[in-house]
Amino acid sequence: MADRHEMWKELGMDLEAHDTLCSVLPQAFGDIYLSQKNRPEGMAFWDMVVSDIHGIRPAELIEAQKQGRKVFGTFCLYVPDEIIVAADGIVTGLCGGSQFWVPAGEQVLPKSMCSLIKASVGARIGRTCPFFRIADMYVGETTCDGKKKAYEILGRDVPMHVMDMPQMKRPKDIEKWAGEIKDFKAVVEEFTGNEVTPEKLHAATVLLNKRRKALERVFACRKADPAPISGKDALLMMQIAFFDDPQRCADMANALADELEKRIADGVGVAPAGTKRILLAGTPMAIPNWKMHHLVETSGAVVVCEECCTGTRYFEHQVDETPTDTDGQIMALAQRYMKNNCACFTPNTGRIDDLLRLCKEYKVDGVIDVNLKFCTLYDTESRDVQAALKDVGIPSLHIETDYDDHDAEQLRTRIGAFIEML
Ligand code: BJ8
């Protein structure tokens, strides 16, 4: 693997602290991922990406910047990548998934904030994540209160654009979101110096729909019993989709889906047929948060679906490709993005409908509803989630946790008991 220290130094990173982070990841990845049996061969691509996660893609981004392209760092599924791609910009996800970044975040944020926000801010101010150093502009959104306040802090030393998200889904809210996308388009055009023409927006829409379809194909394979891929591996593919080049992401996911479809035809699985099938619902799991999947899959069950932003919400619903004028295209984007059912909306009954549908499609035996500690939105919704599942006779377990491993053994006991009774 190439030595990246010079690149990290030029990015102004804290090399010593970053070396500490880099020294723990291979061990964790080895224990959690490489110890799995009978993995699809296609996972070699994602293993390679993780083995140099702060090297390969950052180097590509820096190269693209040298060619005059701009990199936009985003934190939420509602930000329409299509606009950035149409302006020849590059999107990179910035949500932090490691406990390593949390203490730095806690220097400027209350402890009683979810780990995702604390880790994201900590990665920036601790100077230990190259993606945060590379991004030319951050794009936030007014989803939860914690994120809104975090954007004020992050925006102090990086150009920041915040999209004002509606909190309801009435027709006038969709109109409003279309207006926000239009404003965003103007910001991106000015920042990149590139006009977003209808032709370019159409091409970007087609490309990102292609990525959605490819990821969906992999998920469709997870409906089979035996499951041809572990939940951990599927999660890894999703987590890296937020960083990768969209065309490469689609190509690699399609190649993986080809392999999985063959596995299904041959009756090959990562666990025997009849292994208990778990759906994980709730807050997103940013890389390298593999905690829940690892606990479930080392307790005798297999995770077959994730109802969250690092799962089905990322790829469900295509954007309508038929409009040919900018206004029509932007409305198509607004309509698609407003189909996401995040707990920041009220009411959010669509999320329950999604969950019940996914339970059926993926033939799940039980749902684990995971809440990142201090996310009051998803925590509050968990009552409705559990009640709806109870109504249809699907057992569920509610877990509140964070990125720290201090509760892992206690969780293992609870998860083991839950799987046992399925
Ligand atoms: S669309 S889930 S990516 S907002 S877990 S930071 S909500 S306190 S991440 Fe999210 Fe967009 Fe919604 Fe998805 Fe706040 Fe909750 Fe933390 Fe969250």
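Predicted model: local features only at pLDDT ≥ 70, side-chain atom pairs only at ≥ 80, totals over all residues.
**Entry 1**

Four strands make an open sheet in the order 2-1-3-4, and they pair in parallel. I then looked up the edges and found strand 2 (90-93) and strand 4 (160-163), each of which pairs on one side only.

Next I went to the pairing of strand 1 (residues 71-74) with strand 3 (residues 137-141). These two run parallel and are joined by three bridges. I looked up Thr74 and found Val139 of strand 3 opposite.

I also checked which helices lie on this sheet. Helix 9 (residues 145-154) lies across strand 3 and strand 4, and runs at about 160 degrees to strand 3. Helix 10 (residues 171-192) packs on the sheet as well, where it touches strand 1, strand 3 and strand 4. Between the directions of helix 10 and strand 4 I noted about 165 degrees.

**Entry 2**

For strand 7 (residues 366-372) and strand 8 I noted six bridges; the two strands run parallel. I picked out Asn371, whose bridge partner in strand 8 is Glu400.

**Entry 3: helix 3 against helix 12**

I wanted the angle and the axis distance, since two packed helices are described by these. Helix 3 (residues 44-51) packs against helix 12 (residues 231-241) at about 55 degrees, and the axes are 10 Å apart. Angles under 35 degrees would count as roughly parallel and 65 to 115 as roughly perpendicular, so I logged helix 3 as oblique to helix 12. I noted the crossing of the two helices as left-handed.

Helix 3 makes the contact with Trp46, Asp47, Val49 and Val50, and helix 12 with Leu236, Met237 and Ile240. Sorted by class, the contact has six nonpolar residues, one charged residue and no polar ones.

**Entry 4: ligand shell**

Which residues are closest to the ligand? I found Cys114, Cys144, Cys309, Cys342 and Cys375, within a shell of 15 residues that surround the ligand. By class I logged twelve nonpolar, two polar and one charged residues in this shell.

Technical notes: Residues numbered from 1 in each chain as written. Heavy atoms only, no water. Axes fitted to C-alpha atoms, helices over the stretch in contact; angles between N-to-C directions. Parallel < 35°, antiparallel > 145°, perpendicular 65-115°, else oblique. Left-handed = near helix turned anticlockwise from the far one by under 90°. Contact = heavy atoms within 4.5 Å. Nonpolar A, V, L, I, M, F, W, Y, C, P; charged D, E, K, R; others polar. Near = heavy atom within 4 Å. Pairing = 2+ DSSP bridges.
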